[in-house]
Structure formats: structure tokens, C-alpha cells
Amino acid sequence: LAFYILMLLHQMTFENALLYNFLTNCLTSIVGIISKMGRLESVFHCKKEYIWNITHFGKFSLATSLSANFLRTSDTFIIAAMLNEEAVAIFNLPVKLMDIIEIPIRSFVATGMSAMAVAHNNNNNEEVTNVLKKYSGMLTMFFIPMAIAVLFLAPLGVSLLGGAKYVHTYSPDIYRLFMFFALLYPIERFTGITLDIINRPQINFYKVILMLALNIAGDALLILLFGNVYGAVVASLIITIAGLWYGHHHLKKHLNYTLLEILQTGYTESLKLLKLKR
């Protein structure tokens, strides 16, 4: 609403957008505190050990978020340094198109995290495992028809976002490859989230650091080998597989499941969902 009013008054600047975003967030927090939804008074009854546990968790969670952000931008810096600005644009266009898959991923993660947190707090690791298999499996099944559709519609997506001049570049093929890599994203993402849920945030942090190191080294070596942006694309596949393997390897020490079970559960749950819709 604030942004809409700013646009009507022709005052929609970057500074005003930041200011009103800050003010609206403050207002929301104040309402939550006054209505006691935030249970602020519980802070004064919290034991030191709980505060330390939260601090310990938070430092790894923050480090993971910062490292993940750098992971997403490292490709751009390396491609710009080793190739040129045109190559950056060709690579970043399909990366931007891939943002569309973040919508279902974030939705499933938000729902799955709550269910897993409740199950873990009740010492029900079996239910944590079931939620992991259900949500990551269903999301993987959901991405399969999307990946097939992109095989045929990649030029259209590239044209709509970047213009016709990018249709005859590497962008459509990179988009197709990224979409098939995305079949690995749900399991990779959920293994990381589950590690956080079961109080192993340091493992999730190490996973992201491993992916970042491999991405930087892989981009440099493979771009040098290929001589074009396909080097960065192959590096993206390598770090996705590495992240999935690392998270799965460590999560298996605490939960009993297999990758095949995730796919089987996802297929079964997807069929149930389709039957309900009918």
C-alpha cells in the first residue's frame, strides 16, 4: 500500500522505497510486541544455555546465508574477469529465468520446515524423515514436466526476458541445462534445511563452503578449458552434485532414508494429490 501511494504521488525513489520498507517492518514488529504475539517477556526467563544454543546456531546460519549469497554471485565475477560483459549477460539471463523455480522451492521449504521442527521437538525422527522424503520428492516430480517444457520453450523465455537478440546465443541451451540441473535442487535444498532442523547448522555451513570453493575453482578451470560460459555451466552441475552428496552423506548419520525412497515417496504423494484434484 505504501509503495502504491508513493507511485501515485510520483515519489517512488530508491531511497523512499528503502525508508518505507524499513518503517512498515518496524510497524509490524511493534504491533506484534504490543499484542504480545512475540512473547517478548519470555526473554527475561530464558536460561543462559538456551541463549548460547541460539547464538551458536545463529552464527552458522548467518555464515551459511552470506556464503550462499556469494555462491550465487561468484559466477558473475569470474565470467566477467575471464571472458567479457557479453558473456556475463548471456549467462545471467537463464540464471534470472531460473528464479521462477524458487517460488515453489520456498513454499515447500517454509511448509516442510515447520512440520520437521515440530517433529524434531517431539523427538520423532521418523516423522522428520517422512516430511523430508515427501516434500523434496514431490518437488522433484513437479520439476520434471517443467524441465521437459523448457526443452521446447527456452527460446520463448529468453526472448521475453532479454529480447530476441539473445535467442541465438548460448542462453536458451544454458537455460535448458539449468532446468535439468534443477531436478537435483529439491533434495539438495531439503538436506541442508533438515541439517539445520536437527541442530547441525555447522554441517550445512561446511556444505555451502565446499560448494563455494568448488564453484570458484571449477569456474576458473572449466572456463579456461571450454573458452566460453559453458565452463561455468558445468561447474554449476558439479557443485550441485557435490552439495547433494555432502548433505545426504551427513544427514544419513542421523536419519534413515535413501535417495530412491525420496523419489518413490514423491511419486506416490504426487499421484495422491492428482487424484484429490480430480
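Visitor: Which residues touch the most other members of the largest nonpolar core?

Guide: Ile79, Met98, Ile101 and Met116 do, in a core of 50 residues. Bear in mind that this is a predicted model.

Visitor: What makes this set a nonpolar core?

Guide: Its members are buried residues of nonpolar types, joined through side-chain atoms within 4.5 Å. In soluble globular proteins, nonpolar side chains tend to be buried together.

Visitor: What does Met98 touch?

Guide: Leaving out residues up to four places away in sequence, Met98 touches Tyr175, Phe178, Met179, Ala182 and Tyr185.

Visitor: Why is α7 called largely enclosed?

Guide: Helix α7 covers residues 171–181, and eight of its eleven residues are buried, so the rest of the structure largely encloses it.

Visitor: How are two packed helices described?

Guide: By the angle between their axes and the distance between the axes. Take α5 (residues 102–121) and α8 (residues 185–197): their axes come within 10 Å and cross at roughly 35°. The crossing of α5 past α8 is right-handed.

Visitor: Which residues meet where α5 and α8 are in contact?

Guide: From α5 come Glu102, Ile105, Phe108, Val109, Gly112, Met113, Met116, Ala117 and His120. From α8 come Tyr185, Arg189, Phe190, Ile193, Thr194 and Ile197. By class, that contact has ten nonpolar, three polar and two charged residues.

Visitor: Why is the pair Glu102 and Arg106 called a salt bridge?

Guide: The cut-off is a side-chain nitrogen of Lys or Arg within 4 Å of a carboxyl oxygen of Asp or Glu. The closest N and O atoms of Glu102 and Arg106 are 3.7 Å apart. The pair therefore meets the 4 Å rule.

Visitor: Where do Glu102 and Arg106 lie?

Guide: Both are in helix α5, four residues apart, about one turn of the helix.

Visitor: Are Glu102 and Arg106 buried or exposed?

Guide: Buried means under 20% relative accessible area, and exposed means over 50%. Glu102 stands at 18%, so it counts as buried. Arg106 stands at 59%, so it counts as exposed.

Visitor: How many salt bridges does this rule give?

Guide: The count comes to six. One of them joins Glu269 and Lys272, with the closest N and O atoms 3.7 Å apart.

Visitor: What separates Glu269 and Lys272 along the helix?

Guide: They are separated by about one helical turn, because they lie three residues apart in helix α11. Glu269 is at 19% relative accessibility and so counts as buried. Lys272 is at 47%, so it is partly exposed. Elsewhere, salt bridges with shared partners join Glu102, Arg106 and Arg189 into one network.

Visitor: What makes Lys133 and Glu261 a salt bridge?

Guide: Their closest N and O atoms are 3.9 Å apart, and the limit is 4 Å. The pair links distant parts of the chain: Lys133 is in helix α6 (residues 125–162) and Glu261 in helix α11 (residues 259–277), 128 residues apart.

Visitor: Why is Lys133 called buried?

Guide: Its relative accessible area is 15%, and the cut-off is under 20%. Lys133 therefore counts as buried. Glu261, at 30%, counts as partly exposed.

Visitor: What does Lys133 touch?

Guide: Not counting residues up to four places away in sequence, Lys133 touches Met138, Tyr257, Glu261, Ile262, Thr265 and Gly266.

Visitor: How many helices and strands does the chain have?

Guide: Eleven helices and zero strands. Of its 278 residues, 39% count as buried. The C-alpha trace spans about 60 × 55 × 45 Å along its principal axes.

Visitor: Among contacts between residues at least 6 apart in sequence, what percentage join residues at least 24 apart?

Guide: The figure is 76%.

Technical notes:
Residues are numbered from 1 along each chain as its sequence is written. This is a predicted model: local features need pLDDT of at least 70, side-chain atom pairs count only at pLDDT 80 or more; totals for chains, interfaces and linings use all residues. Side-chain values use heavy atoms; hydrogens and water are left out. Axes are lines fitted to C-alpha atoms, for helices over the stretch in contact, and angles run from 0 to 180 degrees between N-to-C directions. Helices (H or I, at least four residues) and strands (E, at least two) are DSSP runs, numbered from the N terminus. A crossing is left-handed if the near helix is turned anticlockwise from the far one by less than a right angle, and right-handed if clockwise. Contact means heavy atoms within 4.5 Å. Ala, Val, Leu, Ile, Met, Phe, Trp, Tyr, Cys and Pro count as nonpolar, Asp, Glu, Lys and Arg as charged, and the others, Gly among them, as polar. Buried means under 20% relative accessible area, exposed over 50%, partly exposed in between (1.4 Å probe, protein chains only).
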